[in-house]
Amino acid sequence: MKTRTIGKSELVVSEIGLGCMSLPTNQEEARSVVDAALDYGITYFDTADLYDAGQNEIAVGQALNKRRNEIILGTKVGNVMNPDGKTWTWNPSKKHIISSVKESLRRLQTDYIDLYQLHGGTMEDDVEETIDAFETLKKEGLIREYGISSIRPTVIERFTEMSDGVSVMMQYNLLDRKAEQVFPLLQQRNNSVIVRGAIGKGLLTETFAKRLANDAAFPPFTNAQLSELLPKVEAIEPHMQAAALHYLLQSPVVATALIGSRTVEQLQNSLHAYNQTISEDTLQQIEQLIPFYPYVEHLIDFERYN
């Protein structure tokens, strides 16, 4: 497993990270997936206080507590679970962030968080207050670095301009490449991308036919469009998941691509894909085949950064 450094930080992470939201709720099953990830060289583990109303952080903490010094741990903050346990309210205030980090530390069974991420963002937020909260936590040694999880160019531009954040988590895959429009901005500001949604809800794997049979879609692509497109991708490269992962890792702005695994077998399949070799020519052919849909909302002057 190769490693990369997150932005201007000293956080060195594996090119493939484990997105822990998909971990099973059974603690022993979750531990088996985490142990396998560690054994295969994965060093970045990502969760959020929102996942399963904090239960996911508990599972991650229990699975990693004896190997904490071997890994880089990321979690997220900014959402408050409502009493119904199903919906949440956005709260990026300093008071909420300062109080929430203590609960995350307790659930994760650790004294510090390597990468604390704002779990969303709007242009109506008091971003100075939010950044002050993260800087305070850094000074106190409760977090090492911070970043943001957002797909909005306006929010990303402002946050990276006003803060010393080191990362932006974004959905990015062969079916959704608009994140590439923000890459020049992030490279200028020495921020890295942490990729989520790397395999397009499984549509960029060898199981795509089964998913399409269940009427899967991936907006703006319809099921009918994907039913025509994905077999053409498979004809270029049968190992679709390998192509999907290696396409993402072509860019130096990408620090790590998260994979979600409910079982050890799913994890092994993803790592087998990562370990395959895909030629640049193959990746270019696939890129040219799949339509590119740019941002249509939250626009900035992208040319400013090219």
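**View 1. T207 in the loop between β11 and α7.** T207 is partly exposed, because its relative accessible area is 35%; buried means under 20%, exposed over 50%, and partly exposed in between, with a 1.4 Å probe and protein chains only. The loop that holds T207 runs between β11 (192-196) and α7 (208-213). Helices (H or I, at least four residues) and strands (E, at least two) are DSSP runs, numbered from the N terminus. From C-alpha to C-alpha, T207 and F292 are 23 Å apart in space and 85 residues apart in sequence. The model is predicted, so local features need pLDDT of at least 70 and side-chain atom pairs count only at pLDDT 80 or more, while totals for chains, interfaces and linings use all residues. Residues are numbered from 1 along each chain as its sequence is written, and side-chain values use heavy atoms, with hydrogens and water left out.

**View 2. K201 and D215, two residues with positive phi.** Most residues other than glycine have a negative phi. K201, which is not a glycine, has a positive phi of about 55°. K201 lies in the loop between β11 and α7 and is exposed, with a relative accessible area of 65%. D215 is found in the loop between α7 and α8, and its phi is near 70°. With a relative accessible area of 57%, D215 is exposed.

**View 3. The cis peptide bond between P219 and P220.** Most peptide bonds are trans. The bond that joins P219 and P220 is cis, with omega about 10°. P220 is found in the loop between α7 and α8 (223-236).

**View 4. Y146 in strand β9.** The strand comprises residues 143-149. Y146 counts as buried because its relative accessibility is 0%. Residues up to four places away in sequence aside, Y146 touches L115, Y116, I131, F134, E135, K138, F159, S163, D164, G165, V166 and S167; contact means heavy atoms within 4.5 Å. T75 is 71 residues from Y146 along the chain, and the C-alpha atoms of Y146 and T75 are separated by 9.7 Å.

**View 5. A257 in strand β12.** Strand β12 covers residues 254-259. A257 has 0% relative accessibility and therefore counts as buried. Its contacts, leaving aside neighbours within four places in sequence, are E15, I16, G17, V195 and L248. Q171 is 86 residues from A257 in sequence, and the two are 9.9 Å apart in space, C-alpha to C-alpha.

**View 6. Helix α4 against helix α5.** The axes of α4 (residues 127-139) and α5 are 11 Å apart, and the helices pack at an angle of about 50°. Axes are lines fitted to C-alpha atoms, for helices over the stretch in contact, and angles run from 0 to 180 degrees between N-to-C directions. The angle makes α4 oblique to α5; angles under 35 degrees count as roughly parallel, over 145 as roughly antiparallel, 65 to 115 as roughly perpendicular and the rest as oblique. The crossing of α4 and α5 is right-handed: a crossing is left-handed if the near helix is turned anticlockwise from the far one by less than a right angle, and right-handed if clockwise. V127, E128, I131 and F134 in α4 meet R158, F159 and M162 in α5. The residues of this contact are five nonpolar, no polar and two charged. Ala, Val, Leu, Ile, Met, Phe, Trp, Tyr, Cys and Pro count as nonpolar, Asp, Glu, Lys and Arg as charged, and the others, Gly among them, as polar.

**View 7. E157 in helix α5.** The helix comprises residues 153-162. E157 counts as buried, because its relative accessibility is 15%. Apart from its neighbours within four places in sequence, E157 is in contact with L185, R189, I300, R304 and Y305.

**View 8. Helix α9 crossing helix α10.** The axes of α9 (residues 240-248) and α10 (residues 264-274) come within 8 Å and cross at roughly 65°. The two helices are therefore roughly perpendicular to each other, and α9 passes α10 in a right-handed crossing. From α9, Q241, A242, L245 and H246 meet N269, S270, A273 and Y274 of α10. This contact has four nonpolar, four polar and no charged residues.
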